[in-house]
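Try each task before you read its solution.

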Amino acid sequence: MSPFFYLLYVSSETHKMSISEIEEMASSAKKKNFKLDVTGLLIRKTKGFIQYLEGDKTTITELYEEILRDKRHHSLVVIDKGYTTHRKFAKWSMLLKYVTKEEIQAIEAIRNKSAKYRKKENWGNLEAVLEVIKNYQN
Ligand SMILES: Cc1cc2nc3c(=O)[nH]c(=O)nc-3n(C[C@H](O)[C@H](O)[C@H](O)COP(=O)(O)O)c2cc1C
């Protein structure tokens, strides 16, 4: 059996959160995730979030239930979940990204043009980000 469980969901913001509120939330999430050996990605999109969590199944399930009850967002929808042999965000307790559709298009345009960008150390990770966003942003 694959050792890691992952869960991807989207949600809507209850009130428009400021950058400092988001950074504060992400910073305490990072600390707690580190203790729980949870890694992942938190995308702030227009009026909501996309979050990808990976780790031990029971840990992720319990954490998601906690996140589900958080009043800062609502209408959570699990888009994908399952098992994986490798973490996509092994280096990140919770990588925070702010994205717009225009930004994604710009990043992809650079990537297609330049071999240099394809070789960047972090590219594997960014590619994972793009994969998640591309498939699930609406
Ligand atoms: C969009 C969103 C994403 C969140 N992501 C995480 C997370 O990855 N890890 C985490 O511990 N808390 C996360 N939280 C916060 C939890 O809902 C909850 O506030 C926190 O786990 C409470 O931790 P504590 O009671 O142990 O301090 C998130 C909240 C929101 C609104």
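**Exercise 1.** How many residues surround the ligand, and which are the closest?

Solution. First, the ground rules. This is a predicted model, where local features need pLDDT of at least 70, side-chain atom pairs count only at pLDDT 80 or more, and totals for chains, interfaces and linings use all residues. Residues are numbered from 1 along each chain as its sequence is written.

Step 1: count. The ligand is surrounded by 15 residues (C-beta atom, placed from the backbone, within 6 Å). The closest are Ala 29, Lys 32, Phe 49, Asp 70 and Arg 72.

Step 2: find the elements. α1 (19-36), β3 (48-55) and α2 (57-68) each give two or more residues to this shell. The largest share, four residues, comes from α1.

**Exercise 2.** Which residues of the largest nonpolar core touch the most other members?

Solution. Such a core joins buried Ala, Val, Leu, Ile, Met, Phe, Trp, Tyr and Cys residues through C-beta atoms within 7 Å. Buried means 20 or more other C-beta atoms within 10 Å; exposed means 12 or fewer; partly exposed lies in between.

Step 1: the core has 18 residues, and Leu 7, Leu 41, Leu 42 and Leu 53 touch the most other members.

Step 2: β1 (4-13), β2 (39-45), β3 and α2 each supply at least two residues of this core.

**Exercise 3.** Where is Asp 37, and is Asp 37 exposed or partly exposed?

Solution. Asp 37 sits in the loop between α1 and β2. Its phi is positive, about 60 degrees, although Asp 37 is not a glycine. Most residues other than glycine have a negative phi. Asp 37 counts as partly exposed because it has 13 C-beta neighbours inside 10 Å.
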